[in-house]
Amino acid sequence: MRWWDIEPVLALEYELFPEDAWSPGMFWSELAHARGPAATRRYVVAETPDGRIVGYAGLAAAGGLGDVQTIAAARDQWGTGLGSRLLTDLLQHATAFECEEVLLEVRVDNPRAQKLYERFGFERIGFRRGYYQPGNVDALVMRLSLLDEHRPHREGREGTESNG
């Protein structure tokens, strides 16, 4: 993702997450840490052949810990494997950032995304009450250990996709 992608990403963000969409400043701030030798972020977009942005994802990394900041796929892309491809990219970069584990929060009312994360081996570890505002929706906290060589390798399976 680059600065010129922010406007179309925001359009998709507002469509998918109208109550708790990120602001332009949040994306600008994240992208400020995504370039150069001291980069601690990875942000990507997915485009159709005609250049329409249909998905995006972001990861923050620090001190051996990765955090999936955002991941989204346009509704017309659900079920195509796009969410899996975006998450695979983030996890590959978490490894490059030398993360030992990756955390994420997902809305408790988003079983589609939860299933995607579970297929990748993420485990449920807790809740954050009222995390998503202003709707006061709880977040399920999930964790994936990147050190466990025996964890299931399931990202090749296609099916339900994430929308956030």
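Helices and strands here are DSSP runs, helices being H or I of at least four residues and strands E of at least two, numbered from the N terminus.

**Figure 1. Overall fold of the predicted model.** The protein has four helices and six strands. Read from the N terminus, these elements follow the order α-α-β-β-β-α-β-α-β-β. Of the 164 residues in the protein, 48% are buried. Among contacts between residues at least 6 apart in sequence, 61% join residues at least 24 apart. The exposed surface comes to about 8400 Å², with carbon and sulfur atoms supplying 51% of it.

**Figure 2. The largest pocket and its lining.** The volume of this pocket is about 630 Å³. Elements that contribute two or more residues to the lining are α1 (6-16), β3 (65-73), β4 (101-107) and β5 (123-132). In total 29 residues line the pocket, and D20, W22, Q69, Y131 and Y132 lie nearest its centre. Sorted by class, the lining holds 15 nonpolar, six polar and eight charged residues.

**Figure 3. Helix α3 and the elements that cover it.** Helix α3 spans residues 82-96, 15 residues in all. From its first C-alpha to its last, α3 reaches 21 Å, close to the 21 Å expected at 1.5 Å a residue. Its buried residues are L82, G83, S84, L86, L87, D89, L90, L91 and A94. An α-helix has 3.6 residues a turn, so residues three or four places apart point the same way. The cover over the buried residues of α3 includes the strands β1 (41-47), β2 (53-62), β3, β4 and β6 (137-145), together with helix α4 (111-119).

Figure 4. E98 sits in the loop between α3 and β4. Its phi is near 65°, a positive value in a residue other than glycine. Most residues other than glycine have a negative phi. The relative accessible area of E98 is 65%, and because the cut-off for exposed is over 50%, E98 counts as exposed.

**Figure 5. The loop between β5 and β6, with P134 and N136.** Q133 and P134 are joined by a cis peptide bond, with omega about 10°. Most peptide bonds are trans. P134 lies in the loop between β5 and β6, and N136 is found in the loop between β5 and β6 as well. N136 has a positive phi, near 55°, and is a residue other than glycine. With 51% relative accessibility, N136 is classed as exposed.

Conventions:
Residues are numbered from 1 along each chain as its sequence is written. This is a predicted model: local features need pLDDT of at least 70, side-chain atom pairs count only at pLDDT 80 or more; totals for chains, interfaces and linings use all residues. Side-chain values use heavy atoms; hydrogens and water are left out. On a 1 Å grid over the protein atoms alone, a cavity is a set of points where a 1.4 Å probe fits but cannot get out, and a pocket is an open set with protein on both sides within 12 Å along at least five of seven lines; lining residues have an atom within 4 Å of a point. Grid points are joined across faces, edges and corners, and a volume is the space filled by probe spheres set on the points. Ala, Val, Leu, Ile, Met, Phe, Trp, Tyr, Cys and Pro count as nonpolar, Asp, Glu, Lys and Arg as charged, and the others, Gly among them, as polar. The expected span of a helix is 1.5 Å times one less than its number of residues. Buried means under 20% relative accessible area, exposed over 50%, partly exposed in between (1.4 Å probe, protein chains only). Contact means heavy atoms within 4.5 Å. Accessible areas come from the Shrake-Rupley method with a 1.4 Å probe; for residues, only the protein chains shown count as cover.
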